[in-house]
Amino acid sequence: MLETGLKSFLERELLTISGTTITVGGLLVAALIAGATLLLANRLSDWIRRLLRARQVAVGAQYSISTIVQYTTYLLGLLTAFNALGIHLSALLAASAVLAVGVGFGLQTITQNVICGVILLVDESVRVGDYIKVGDSLGTVVDIGLRATRIVTRDEMLIIVPNSTLITTEIVNQSRPNTRLRIDVSADLAYDSDVDQVMQTLIAVACGHGEVLKDPVPEIRLNDFGTSALNVSLLCWIDQPSEQQRIRSELRIAIAKTFTGEARRTVSSPRPVYPFSS
């Protein structure tokens, strides 16, 4: 009696989709497949990430590969669950076509972002860990989801950017093709300065900073002849783009300390003018 009742319960019809009858038993099997797929996808993604980390693969590549495998597993599990319900792919496509007519405009943006998210993961133009500029904001990519990408700025604020924005607009990726970035620090010099000594002193200041790369070597460029001073720039390379503002500040402080007491202001220039002389 119990067996008959259980069989009757599992075979109870719930609804019909495109001629396919959904039963309680089919729904339970589909739910079990979905749960197993979720568990398998997450475990498989973690395993692949650990494997790639052990092989010293770049962090961005680890994330892209493991995420693609995870989403592929989700898709295969979803199709298997539908098959367990008795819904074949042709019937599913027919139902989705009808659904698309009703909510197509509402899902258009979401679908676009999902497709762009897959593109980002495949072509790796932007990867997790990259330091990028989106609009007026600079930050580090911490997650590339199916719908949106999350970026943490230098002020520890989270920016959620739709994936389509990263595909359709201009993005400055300061971590590609490598993490090296050239920064500049400007200074105004009095016209009677000893230019050769200025160059040697400023380059020495740059070389003395622990985070300034020695190769390429720092250099000095004369930008312009100002009304009351020569405008020069100290150009040097760093390998941490996210720290560029701090390093610039430290270089300015080091320059000010090197020539302390020698800066003077002129009527025509509100900026410090350094009379560098031998």
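Start by selecting Thr 37, which lies in helix H2, residues 24-54. Bear in mind throughout that this is a predicted model. Thr 37 counts as buried because its relative accessibility is 11%, and the cut-off for buried is under 20%. Show its surroundings: beyond the neighbours within four places in sequence, Thr 37 is in contact with Thr 73, Tyr 74 and Gly 77.

Next, select strands E4 (residues 137-144) and E5 (residues 148-153), which run antiparallel and are joined by five bridges. The two form a hairpin with three residues between them.

The hairpin of E5 and E6 has four residues between the strands, and in it Glu 156 takes a positive phi near 60 degrees.

Move on to the largest nonpolar core, which has 20 residues; Ile 183, Leu 202, Leu 251 and Ile 255 have the most contacts inside it. Strands E8 (181-189) and E10 (230-238) and helices H6 (195-207) and H7 (244-258) each give two or more residues to this core. Centre on Leu 251: leaving out residues up to four places away in sequence, Leu 251 touches Ile 183, Val 185, Val 205, Ala 206, His 209, Val 212 and Cys 236.

Finish at a second, separate core of 12 residues, with Ile 132, Ile 144, Ile 151 and Leu 166 among them.

Note on methods:
Residues numbered from 1 in each chain as written. Predicted model: local features only at pLDDT ≥ 70, side-chain atom pairs only at ≥ 80, totals over all residues. Heavy atoms only, no water. Buried < 20%, exposed > 50% of the residue type's maximum accessible area, 1.4 Å probe, protein only. Contact = heavy atoms within 4.5 Å. Pairing = 2+ DSSP bridges. Core = buried A, V, L, I, M, F, W, Y, C linked by side-chain atoms within 4.5 Å.
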